[in-house]
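Here is a short report on strand pairing and surface charge. Please keep the sequence at hand while reading.

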Amino acid sequence: MKRFTLVLLAAAVVVVAYSCGETEPPPNRPPLAVGSIPAQELSALDTVRVDVSQYFTDDDGDQLTYSATSAAPVVVRASTTGPVLSIVGRTAGQGAVTVTARDPDGLSATQQVSVTVLGRPGFLSVELRYDEEEIGAVVVRLEGPPADSIQAPAGFTVYHAAAAGGIRAFVAGAIPETGTVLRFWAEDVSSPGAYRGHLEQAAGTDYRQRPVETGTVRIVR
């Protein structure tokens, strides 16, 4: 009899709880991707921005936060400020950016954006550092992708010719210990590291040869 009474009491509690509306809240649902974030194309050193909030939704009405990661950070960099995705082209190539929308409980949805970065043509500078004074001429060899429109700074004279893997340039003038000795047109100024510079010869203002071992050449934007 006592056991039967306890069963009836438990059933009554369930009925009362149900009648008072004390039901379990519905489970939280994850965000959902809506459509596709369009593929992006930009030049190296440029930035594009996309409001990604229109490409995600949350059926529970939760406030979403956004983050982004790049699969090829050498080519493209990605970050978010609120719902705005910023994509920065670093150097020519293909990359992919993953955008994540997350609700307060940590549930998330993702989308992937294909990114094409185009090279940016422009001038690169050849800088020479040489621990010698009163230098009147140098010969610099450049190796790398095609280099065109060879120019010298004001007060300098430059002559150049094709060489194995690049060009060889003769620069005459009051060569500074540190400074730019010539500039050239490159297909992509975002990749100065694609070029290599070598000091092959140096001569003083007295026309005598000087050693080249202490000279360093670098290519900069």
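Predicted model: local features only at pLDDT ≥ 70, side-chain atom pairs only at ≥ 80, totals over all residues.

Residues are numbered from 1 along each chain as its sequence is written, and side-chain values use heavy atoms, without hydrogens and water.

Strands are DSSP runs of E with at least two residues, numbered from the N terminus. Two of them pair if DSSP finds at least two bridges between them.

Four strands form an open sheet in the order 12-15-10-18, with antiparallel pairing. Strand 12 (148–151) and strand 18 (215–220) stand at the edges with a single partner strand each, so one side of each has no neighbour in the sheet. On average, neighbouring strands of this sheet are turned by 20 degrees against each other, direction ignored; axes are lines fitted to C-alpha atoms.

| Pair | Bridges |
|---|---|
| Strand 10 and strand 15 (residues 178–186) | eight bridges |
| Strand 11 and strand 16 (residues 196–204) | eight bridges |
| Strand 16 and strand 17 (residues 209–210) | two bridges |

F123 stands opposite W185 in strand 15. V139 faces Q201 in strand 16. A203 stands opposite Q209 in strand 17. The hairpin of strand 16 and strand 17 has four residues between the strands, and Y207 there takes a positive phi near 70 degrees.

D131 is found in the loop between strand 10 (122–130) and strand 11 (135–143).

Methods: Axes fitted to C-alpha atoms, helices over the stretch in contact; angles between N-to-C directions.
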